[in-house]
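Visitor: I am new to this structure, and I would like to learn how to read its inner spaces and its packed helices. Could you take me through them one at a time?

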Amino acid sequence: MELPSSQVYYSQRLRLQYVEWGKKSNKPVILLHGGRDHSRSWDWVAKKLCKEWRVIAPDLRGHGDSEWVNDGNYQMAGYLYDLDQLISQQSLSPVSVVAHSLGAMIALRYTGLYPDKINKLIAIEGLGLSQKNSIIERLNSWIEQRHSLSSRNVKKYKTFDDAVERMSAANSHLSTDTAEHLTRHGIKQNEDGTYSWKFDNYVRNWPPYDIPQNELNKLWAQITCPTFLVGGKDSWHEDPIETGRAKLFRNAKVKIFDNSGHWVHHDRRNEFIELTIDFLAGES
């Protein structure tokens, strides 16, 4: 597999990494990974896109080879600022974005905030669940989970194969080769020879404060670029057509893949890459 170059940029004093494929003179595309994932999960997609596009895939703060925040608080505002820093520092605007899960949540909100900066957007399961709990309930849950995480030891795997087994257990659709690749770039070897995941355990703890659902709906409605909302039939994620959320977007298509869970770009890789290339190359 063609190897990307590794680059660094800074945001709010954090040293953040991104990997890059393709010529700098090509039109840019940013690939945003999901929670507890990393930039190299996009390698198969990036390898195909880099023939025509400049492909940039960052490690979100607290993930991959990017730094962790000192207090373990991973706010959506911080993720949004990091994305804006990357786009501004590299002069990428207008840029297309392909994003998954947490990355898609970031991309959808950013595009609503700055519709002129995004050319096209593919969001894999980034709408999330409807906010039903009160702020009091969310605060209670956040505090309890923080207590739990503060006393939780970092999981250690005796061998690389043990970590691969855990990766495969998280997604039954993964091939062995894919699971090994995702694990290789998602773990670090500890001093005692064991292996642990690179991401900060505190990224598991979603902040209690978020944009109210009615305001989030308005933000999505401000997205003007062509948008593709993608999902998997076997996922927990709700179909945006069935929930009516697709109607909140001005210019959105929806594709729900059969025989796919939450990680559509892995579970139906070839079909997803074909959809992505056609969408990015097509007329706006």
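Visitor: Which strand gives the largest share of the lining of the second largest cavity?

Guide: The model we are looking at is a predicted one. In it, strand β9 (residues 227–232) provides the largest share of that lining, namely 3 residues.

Visitor: How many cavities of 30 Å³ or more does a search of the whole structure find?

Guide: The search finds 2 cavities of that kind. In the largest cavity there is about 70 Å³ of space, and its lining consists of Tyr9, Leu16, Leu32, Pro58, Asp59, Leu60, Arg61, Tyr79, Asp82, Leu83 and Ile106. Helix α2 (residues 76–89) contributes the largest share of this lining, with 3 residues, while the division by class gives 8 nonpolar, no polar and 3 charged residues.

Visitor: What volume does the second largest pocket have, and which residues lie nearest its centre?

Guide: A pocket is an open set of points, whereas a cavity is one from which the probe cannot get out. The second largest pocket has a volume of about 200 Å³, and of the 12 residues that line it, Lys27, Trp53, Ser96, Asn119 and Leu280 lie nearest its centre. At least two lining residues come from each of the strands β3 (27–32), β5 (95–100) and β6 (118–124), and the lining as a whole comprises 5 nonpolar, 4 polar and 3 charged residues.

Visitor: Now for the helices: at what angle do α2 and α3 pack?

Guide: Two packed helices are described by the angle between their axes together with the distance between those axes. Here α2 and helix α3 (residues 102–113) pack at about 70°, and their axes are 10 Å apart, so that α2 and α3 are roughly perpendicular to each other. Their crossing is right-handed. On the α2 side the contact involves Met76, Tyr79, Leu80, Leu83, Asp84 and Ile87, which meet Leu102, Met105, Ile106, Arg109, Tyr110 and Leu113 of α3; by class, this contact has 10 nonpolar, no polar and 2 charged residues.

Visitor: How is α3 placed against α7, and is their crossing left-handed or right-handed?

Guide: The axes of α3 and helix α7 (residues 213–221) come within 7 Å and cross at roughly 70°, which means that α3 is roughly perpendicular to α7. The crossing of α3 with α7 is left-handed. Leu108, Arg109, Gly112 and Leu113 of α3 meet Leu216, Leu219 and Trp220 of α7, and these contact residues divide into 5 nonpolar, 1 polar and 1 charged.

Visitor: Which residues of α5 and α6 make the contact between them, and at what angle do these helices pack?

Guide: Helix α5 (residues 160–170) packs with helix α6 (residues 176–186) at an angle of about 115°, the axes being 9 Å apart, and the crossing of α5 and α6 is right-handed. The contact is formed by Phe160, Ala163, Val164, Met167 and Ser168 of α5 with Ala179, Glu180, Leu182, Thr183 and Arg184 of α6. Among the residues of this contact, 6 are nonpolar, 2 polar and 2 charged.

Conventions: Residues numbered from 1 in each chain as written. Predicted model: local features only at pLDDT ≥ 70, side-chain atom pairs only at ≥ 80, totals over all residues. Heavy atoms only, no water. 1 Å grid on protein atoms, 1.4 Å probe; cavity = no way out; pocket = protein on both sides within 12 Å on 5 of 7 lines; lining within 4 Å. Points joined across faces, edges and corners; volume = space filled by probe spheres on them. Helix = DSSP H or I, 4+ residues; strand = E, 2+ residues; numbered from the N terminus. Nonpolar A, V, L, I, M, F, W, Y, C, P; charged D, E, K, R; others polar. Axes fitted to C-alpha atoms, helices over the stretch in contact; angles between N-to-C directions. Parallel < 35°, antiparallel > 145°, perpendicular 65-115°, else oblique. Left-handed = near helix turned anticlockwise from the far one by under 90°. Contact = heavy atoms within 4.5 Å.
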